[in-house]
Amino acid sequence: MASPVPPASRRGAAAKSSSGPGRPKDLGKRAAILEAAKRLFARDGFGGASMDQIAAEAGVSKLTVYSHFGDKEALFTEAVRAKCEEMLPDDLFDLELKGSLRQQLRVIAQAFFALISSDEAISTHRMMLVPGNIDDNLKRVFWQAGPQRTHDAFASFLQARVEAGELEIADVGRAAEQFFSLVKGELHGQMMCGLCDRPGRGDVDSHLDATVDFFLRGYAPR
């Protein structure tokens with residue numbers, strides 16, 4: 001079973017501890033650096049985006065970038081985490097999500113599909129697939145800051161639903177993997193291969209409705 005997602009206070013402390021030496025003096029500059037990093041890493045990859053380019057795009061000095069984030073790897077980690085939190089905020093998995101369980105799963109599925117089908121996510125995943133484009137350590141950094149964070153939070157959500165008697169799941173970690181794989185489906189694979197543009201709203205809605213219904217049939221209490 002996946003470990004529960006840590007409280008927000010601990011996540012915040014962890015983020016601060018990884019953001020380089022000293023306390024950030026200007027949160028506006030920090031936000032500008034993160035926005036520039038998200039754009040350039042997605043467009044040019046980790047190796048192609050330089051700290052000089054990120055600083056210029058953010059309108060700050062390179063020294064300011066280093067003072068906020070320490071090094072390029074830490075900035076990449078924060079950029080991935082920031083993008084995931086922007087599209088899949090922590091409160092999306094709040095145990096007090098409104099509506100029926102099906103409605104809650106539908107909201108989560110929609111947010112996840114919107115994240116993985118965004119231009120930034122498609123570009124980043126394609127970058128990861130090119131041999132030699134990024135080393136194994138950075139692949140792990142990406143996985144832990146993005147997919148693993150989402151998986152752990154959703155597994156905790158499922159565990160709460162199991163304890164409430166709404167679902168019957170022996171392995172919530174595996175169930176979380178299955179759910180997100182179903183949400184990706186063939187649509188995401190076609191987008192990754194460049195075989196189709198962003199699918200229409202009707203196609204996405206039909207796909208997500210079928211995904212949630214299938215998942216619930218598999219894990220409904222016997």
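Predicted model: local features only at pLDDT ≥ 70, side-chain atom pairs only at ≥ 80, totals over all residues.
Local features are reported where pLDDT is at least 70 and side-chain atom pairs where it is 80 or more, whereas totals for chains, interfaces and linings use all residues. Residues are numbered from 1 along each chain as its sequence is written, and side-chain values use heavy atoms, with hydrogens and water left out.

**Overall fold**

The chain contains eleven helices and zero strands, where helices (H or I, at least four residues) and strands (E, at least two) are DSSP runs numbered from the N terminus. Read along the sequence, the pattern is accordingly α-α-α-α-α-α-α-α-α-α-α. Of the 222 residues in the chain, 45% are buried; buried stands for under 20% relative accessible area, exposed for over 50%, and partly exposed for values in between, with a 1.4 Å probe and protein chains only. Taking contacts (heavy atoms within 4.5 Å) between residues at least 6 apart in sequence, 73% join residues that are at least 24 apart. The chain exposes about 11,700 Å², of which carbon and sulfur atoms supply 53%; these accessible areas come from the Shrake-Rupley method with a 1.4 Å probe, and for residues only the protein chains shown count as cover.

**The largest pocket**

Rolling a probe the size of a water molecule over the atoms shows where empty space is left. The largest pocket has a volume of about 580 Å³. Ile116, His125, Phe142, Gly146 and Pro147 are the closest to its centre among the 27 residues that line this pocket. A pocket is here an open set of points on a 1 Å grid over the protein atoms alone, where a 1.4 Å probe fits, with protein on both sides within 12 Å along at least five of seven lines, and lining residues have an atom within 4 Å of a point. Grid points are joined across faces, edges and corners, and the volume is the space filled by probe spheres set on the points.

Which element gives the most to the lining of the largest pocket? Helix α5 does, with five residues. By residue class, the lining divides into 15 nonpolar, seven polar and five charged residues, with Ala, Val, Leu, Ile, Met, Phe, Trp, Tyr, Cys and Pro counted as nonpolar, Asp, Glu, Lys and Arg as charged, and the others, Gly among them, as polar.

**Salt bridges**

Side chains of opposite charge can pair when their charged atoms come close. The structure holds twelve salt bridges, each being a side-chain nitrogen of Lys or Arg within 4 Å of a carboxyl oxygen of Asp or Glu.

Through salt bridges that share partners, Arg102, Arg106, Arg201, Asp205, Asp209 and Asp213 are joined into one network.

**Individual residues**

Leu101 lies in helix α6 and counts as buried at 10% relative accessibility. Leaving aside residues up to four places away in sequence, Leu101 touches Phe157, Arg161, Glu166, Leu167 and Leu216. The C-alpha atoms of Leu101 and Leu216 are separated by 9.0 Å, although the two residues are 115 residues apart along the chain.

Gly47 and Lys72, 25 residues apart in sequence, are 9.9 Å apart in space from C-alpha to C-alpha.

Gly59 has its place in the loop between α3 (51-58) and α4 (62-69), and at 65% relative accessibility Gly59 counts as exposed.
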